[in-house]
Amino acid sequence: MNTSNGNISKKKRTDTARPIYSITPFTLLDYPDHTACILWFAGCNMRCGYCYNPEIVDGKGKISYGDVLHFLEKRKNLLDAVVFSGGECTLHQNVLWLAHQIKELGMKVKIDTNGSRPHVLENLIAEKLVDYVALDFKALPGAYQKITASQLYGEFVESLDILVSNNIPFEVRTTLHSRLISQSDLVEMAKFLQEKGYQGKYYLQHYVGDTGSISFLPESCKSVFINSEFELPKNIIWRN
């Protein structure tokens, strides 16, 4: 009887909570080789100045899990996968429940995360509820707090260790601003990933200040990273 009541309560919470800020109904870019939609989870535990989604990070959710499932049920034959992004999706209650419901629909789940909730990531993997992970590598310890306005570097490293030790496809990615991360910093970050046993591609995105961001930042110089005496590792891929 108690278990039944617990399940009913959980369903009510799932139906009434509105953790999703918005939905991108279709993308070919965010999950490699898959058609997908993106769920943008409101709220984040970091405040990266270069973040392109301040309205999502600082905003409130508008869409419930029930609304999401209704949306997905009508698109079962159009979408291969669902991307959990944000903000930071792992902050939200019942995110494992939602992933389970999506898997029941026959769709894959990709998680975009800053790595700050390693126990949630570990549970998603253990319960086979996630198929692909994109992990943000913000900076090394010396610059991590300045860039993220948080003290969550240890949690990021724990998340990286979890992903390296599990047989799940994942990528690591970094947003670069030449005033925040130097060329030598980038080389050290790539070395750190290699030392941790990461063998995948390391994706880089250069900050472009043509859209609103959380903080006003001066112009960043991409040539700092591509025209220098430093030789970057061959697994680095530029996304813009």
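Which residues is T175 in contact with, leaving aside its neighbours within four places in sequence?

The views below show a predicted model, in which local features need pLDDT of at least 70 and side-chain atom pairs count only at pLDDT 80 or more, whereas totals for chains, interfaces and linings use all residues. Residues are numbered from 1 along each chain as its sequence is written, and side-chain values use heavy atoms, with hydrogens and water left out.

View A. T175 belongs to strand β6, which covers residues 170-176; helices (H or I, at least four residues) and strands (E, at least two) are DSSP runs, numbered from the N terminus. Apart from neighbours within four places in sequence, the residues in contact with T175 are Y50, I181, Q205 and Y207, where contact means heavy atoms within 4.5 Å. T175 has a relative accessible area of 16% and is therefore buried (under 20% relative accessible area, with exposed over 50% and partly exposed in between, for a 1.4 Å probe and protein chains only).

**View B. M46 in the loop between β2 and α2.** M46 is found in the loop that runs between β2 (36-41) and α2 (54-57), and its relative accessible area of 2% makes M46 a buried residue. When residues up to four places away in sequence are not counted, M46 touches V57, N114, S116, K138, Y144, T148, S150 and L152. Y203 stands 157 residues from M46 along the chain, and the C-alpha atoms of these two residues are separated by 20 Å.

**View C. K138 in the loop between β5 and α6.** The lysine named among the contacts of M46 sits in the loop between β5 (132-136) and α6 (141-148). Is K138 buried or exposed? K138 is buried, since its relative accessible area is 10%. With residues up to four places away in sequence not counted, K138 touches M46, C48, Y50, N114, Y144, I147, T148, T174, I181 and M189. K138 and F156, which are 18 residues apart in sequence, are 9.1 Å apart in space from C-alpha to C-alpha.

View D. How many disulfides does a search of the whole structure find? The search finds zero, a disulfide being a pair of cysteine sulfur atoms within 2.5 Å. For the sulfur of C44 the closest cysteine sulfur is that of C48, and because the distance is 6.6 Å the two are too far apart for a bond. Seen from C48, the closest cysteine sulfur is in C44, again at 6.6 Å and too far for a bond. C48, which is one of the residues touched by K138, counts as buried at 5% relative accessibility.

**View E. Helix α3 alongside helix α4.** The axes of helix α3 (residues 65-73) and helix α4 (residues 95-104) come within 11 Å and cross at roughly 15 degrees; axes are lines fitted to C-alpha atoms, for helices over the stretch in contact, and angles run from 0 to 180 degrees between N-to-C directions. The crossing of α3 past α4 is right-handed, that is, the near helix is turned clockwise from the far one by less than a right angle. From α3, the residues Y65, V68, L69 and L72 meet V95, W97, L98, Q101 and I102 of α4. By class, this contact of α3 with α4 has eight nonpolar, one polar and no charged residues (Ala, Val, Leu, Ile, Met, Phe, Trp, Tyr, Cys and Pro count as nonpolar, Asp, Glu, Lys and Arg as charged, and the others, Gly among them, as polar).

**View F. Helix α4 alongside helix α5.** The axes of α4 and helix α5 (residues 118-126) come within 10 Å and cross at roughly 25 degrees, so α4 is roughly parallel to α5. α4 passes α5 in a right-handed crossing. V95, L96 and A99 of α4 meet V120, N123 and L124 of α5, and by class this contact has five nonpolar, one polar and no charged residues.

View G. Most residues other than glycine have a negative phi, and most peptide bonds are trans. D33, in the loop between β1 (20-27) and β2, has a positive phi of about 65 degrees although it is not a glycine, and at 79% relative accessibility D33 counts as exposed. N94, in the loop between β3 and α4, is likewise not a glycine and has a positive phi of about 65 degrees, but N94 counts as buried at 16% relative accessibility. The peptide bond from G86 to G87 is cis, with omega near 20 degrees, and G87 is placed in the loop between β3 (81-86) and α4.

Technical notes
Angles under 35 degrees count as roughly parallel, over 145 as roughly antiparallel, 65 to 115 as roughly perpendicular and the rest as oblique.
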